Amino acid sequence: MKNKLIAIDDDPLILGLIHVTLEKQNFEVITTTNPYDGLNLFLVDSTLVIVSDLSMPEMSGADLMQKIFDHGHEPIFIILTSHTDVKMVVELFKQGVHDYIIKPFKHAELVNRVSKAFEFAELRMIKENIKKEREIRNEHQLNWNLYKESLIKKDSDKTDSGLMANIN
């Protein structure tokens, strides 16, 4: 099964480069030059990873990420940017960006960062599954304990009623 991602950039040349580079590495890449289309694509068919340009005329990559988060989804976001301002990058991480790539980027860097994003997404899913499994296990244990207590109470009630009958 291929790892599917959505790539969004208002520059068709960069988008084509992303598409070709990642498909050569067996990623399934859905591309769009419009962030609103990217949002709709994601909401219709969620992916684990989104690669998005930061500065786009219709909507910034950070705003797109926030809209997706507001819908209750948490894909791994990789932001493409030509900005190197440290304060801006720190703010992006605070908002939930997983990684960023400075343009122009090398093919190997893009592939490596996207591969790591999928590994992180997989680890996050494993962690969530372990948490759910632990909750189910705790619920079963609680139910078992309640059942055992009800048996003990029934047995105790029988003993008490037998003692009362003997006293009478």
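The model is predicted, with local features needing pLDDT of at least 70 and side-chain atom pairs counting only at pLDDT 80 or more, while totals for chains, interfaces and linings use all residues. Residues are numbered from 1 along each chain as its sequence is written, and side-chain values use heavy atoms, with hydrogens and water left out.

Thr21 is found in helix 1, where helices (H or I, at least four residues) and strands (E, at least two) are DSSP runs, numbered from the N terminus. Thr21 has a relative accessible area of 6% and is therefore buried, a word that stands for under 20% relative accessible area, with exposed over 50% and partly exposed in between (1.4 Å probe, protein chains only). Leaving aside residues up to four places away in sequence, Thr21 touches His107, Leu110 and Val111, contact meaning heavy atoms within 4.5 Å.

The protein has 5 helices and 5 strands, and from the N terminus on its elements run β-α-β-α-β-α-β-α-β-α. The 5 strands form an open sheet with parallel pairing, in the order 2-1-3-4-5; two strands pair if DSSP finds at least two bridges between them. Strand 2 (27-32) and strand 5 (99-102) are the edge strands, each pairing on one side only. Strand 3 (residues 49-53) and strand 4 (residues 76-81) pair in the parallel sense over 5 bridges, and Ser52 has Ile79 in strand 4 as its bridge partner.

| Helix | Strands in contact | Angle |
|---|---|---|
| Helix 3 (residues 61-70) | strand 1, strand 3 and strand 4 | about 170° with strand 4 |

As for the whole protein, the C-alpha atoms fill a box of roughly 95 × 35 × 30 Å, taken along the principal axes. Of the 168 residues, 30% count as buried. Among contacts between residues at least 6 apart in sequence, 63% join residues at least 24 apart.

Notes: Axes fitted to C-alpha atoms, helices over the stretch in contact; angles between N-to-C directions.
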